[in-house]
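Biologist: Could we go through this structure together? I would like to start with the overall picture and then look at some details.

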Amino acid sequence: MFSPLELVTRIGDKAGSIGALVSAIGMGFLSQWEGVFINTLLPLFAVLALAMNILGWFSHRQWYRSFIGSIGPILVLLSLYPWFQYGWSSYVTYTGLGLMVAVSIWDMVSPANKRCDDETCTA
């Protein structure tokens with residue numbers, strides 16, 4: 001059914017997206033740990049989602065899926081670090097999170113399939 005790499009990237013991508021979303025929106029009873037969520041967990045989950053999208057290219061060889069899947073985590077990381085000082089960075093954060101969730105839903109509805117053999121694919 002799925003190779004080990006495909007399975008890891010599918011699960012990791014979803015975990016990264018869901019973790020980043022929950023870290024960003026938070027929950028009322030978790031407000032005492034908001035700093036940990038925003039400063040530690042959100043970037044960690046964004047890096048996880050980014051890594052899984054990049055690794056996903058090795059299993060399905062569709063550069064556009066990996067590229068589109070990488071845009072959301074990159075936006076989240078940029079908004080948390082170099083762009084944090086600007087007022088519009090929160091809009092970029094939520095745009096990145098929205099893209100991460102949209103790509104995860106896209107991947108569940110239309111999973112990536114390898115488009116070539118290992119012998120005919122170029123690295």
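This is a predicted model: local features need pLDDT of at least 70, side-chain atom pairs count only at pLDDT 80 or more; totals for chains, interfaces and linings use all residues.

Biologist: Which secondary structure elements does the protein chain have?

Modeller: The protein chain has four helices and zero strands. From the N terminus on, the order is α-α-α-α.

Biologist: And how much of the protein chain is buried?

Modeller: Buried residues account for 37% of the 123 residues. The chain exposes about 7400 Å², and carbon and sulfur atoms supply 71% of that area.

Biologist: Now to the helices. At what angle do H2 and H3 pack?

Modeller: Helix H2 (residues 34-60) and helix H3 (residues 63-80) pack at about 165 degrees, and their axes are 9 Å apart. Angles over 145 degrees count as roughly antiparallel, and H2 and H3 are therefore roughly antiparallel to each other. Their crossing is left-handed.

Biologist: Which residues make that contact?

Modeller: On H2 they include Ile38, Leu42 and Trp57, and on H3 they include Trp63, Ile74 and Leu80. The residues of this contact divide into 15 nonpolar, six polar and one charged.

Biologist: A change of topic: where is Ser104, and is Ser104 buried or exposed?

Modeller: Ser104 lies in helix H4 (residues 89-109). Its relative accessibility is 6%, so Ser104 counts as buried, the cut-off being under 20%.

Biologist: Which residues does Ser104 contact beyond its neighbours within four places in sequence?

Modeller: Those residues are Asp13, Lys14 and Ser17.

Notes: Residues are numbered from 1 along each chain as its sequence is written. Side-chain values use heavy atoms; hydrogens and water are left out. Axes are lines fitted to C-alpha atoms, for helices over the stretch in contact, and angles run from 0 to 180 degrees between N-to-C directions. Helices (H or I, at least four residues) and strands (E, at least two) are DSSP runs, numbered from the N terminus. Angles under 35 degrees count as roughly parallel, over 145 as roughly antiparallel, 65 to 115 as roughly perpendicular and the rest as oblique. A crossing is left-handed if the near helix is turned anticlockwise from the far one by less than a right angle, and right-handed if clockwise. Contact means heavy atoms within 4.5 Å. Ala, Val, Leu, Ile, Met, Phe, Trp, Tyr, Cys and Pro count as nonpolar, Asp, Glu, Lys and Arg as charged, and the others, Gly among them, as polar. Buried means under 20% relative accessible area, exposed over 50%, partly exposed in between (1.4 Å probe, protein chains only). Accessible areas come from the Shrake-Rupley method with a 1.4 Å probe; for residues, only the protein chains shown count as cover.
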